[in-house]
Amino acid sequence: MSSGYGYGKVILFGEHFVVYGLPAIVSAIGSRTIAYVQKLTSPDLQLIDDRQEVPGYKKDKKEEQNKSIENILNYCKIDPKKYGINVRFSGDLVAASGIGASAASCAALSRALNQEFSLGFDDEKINLSAFEGEKGYHGNPSGIDNTAATYGGLIWFKRNLNGGPNIIDKLNMKDPVNIVIANTGLTASTAKVVADVRKQKGKDPKKFEKIFNDYCDIISKARKALIENQLDEIGDLMNKNQNLLRQINVSSPELEKMIKIALDYGALGAKLTGTGRGGNMFALTPGKGLQETISNIFEKKGYMVWKTTIGI
Ligand code: MEV
């Protein structure tokens, strides 16, 4: 039996904008998905998904997951009609929208298959395989989630719209910073939300041009602020990024409620992360004390919460 891992992630800046070739910044988090793969003696494809989940997530994503596994097996040139394979997903990353659960499972499975079938993949190939898997979840992914899931760390990512290699720069923060991630309990379809944003952009290109320009200003300042640990500035830029996400209609009443709670209790910034319209938000909460306060408040209100660190 072989195993492989993939990191969970938070997009700090630039979800949705990254689809259109604008740069974004993503950070891996401490939690990971682990995939176990075992060859069987007769042709079959068995799947056991032992990941903890936000209720309904696995059922909602079942069809997409099947397609994703099929894509990865194709990329790895493994035919389950010839070889029997047992796949099991586990690990401490909860299966939820907005935290990179799908990409983490794709990277984990690619790594486990690489080992079990001695494919000789390096991380670049693992990332390409995970990208094929991500297509099963949302047709035309930017590639940011599988990149974070494969490499970990803090990454500046820019999609190559011509199909060549993407820009993937590792960033270093002087000191890691505490964040709190909280889940709305709602599962969003990335494919649907991305398609809806595209439709809005088609209807009102002028509005989007202005939003994209404002975003470009935010992301260049965010890179500098992160590298220099300017925490107030990072928080302020997160709030500004969230404002643009509101304008493209990917926030939701539940996310807005949670963002307000985090800011009211002293977070330096708060925004949705990932697809939006459900899924997760995160708050910048430097120091264990503030992180504890805000995570306790969310827990008391019944939200699923993770305390983690960016910039490790
Ligand atoms: C989803 O985690 C991030 C999106 O920007 C989609 C993508 O980048 O493919 C919404």
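Which salt bridge do the side chains of D169 and R223 form, and at what N to O distance? In this predicted model, local features need pLDDT of at least 70 and side-chain atom pairs count only at pLDDT 80 or more, while totals for chains, interfaces and linings use all residues. Residues are numbered from 1 along each chain as its sequence is written, and side-chain values use heavy atoms, with hydrogens and water left out.

The side chains of D169 and R223 meet at 3.6 Å, N to O, a salt bridge being a side-chain nitrogen of Lys or Arg within 4 Å of a carboxyl oxygen of Asp or Glu. The rule finds 2 salt bridges across the interface of domain 1 and domain 2. It also finds 12 residue pairs in polar contact there, both at pLDDT 80 or more; a polar contact is a pair of N or O atoms within 3.5 Å, one able to donate a hydrogen and the other to accept it within protein, and residues adjacent in sequence count only if both atoms are side-chain atoms.

The domain assignment, which is automatic or from a database, gives domain 1 as 2-171 and domain 2 as 177-310. Their centres, taken over C-alpha atoms, are 23 Å apart. Contact (heavy atoms within 4.5 Å) links 36 residues of domain 1 with 46 residues of domain 2. The area buried between the two domains is about 3,400 Å², with 69% from carbon and sulfur atoms; buried area is the accessible area (1.4 Å probe) that two parts lose on being put together, summed over both. In domain 1, F13, F17 and Y20 lose the most area to domain 2, together 23% of what that side buries.
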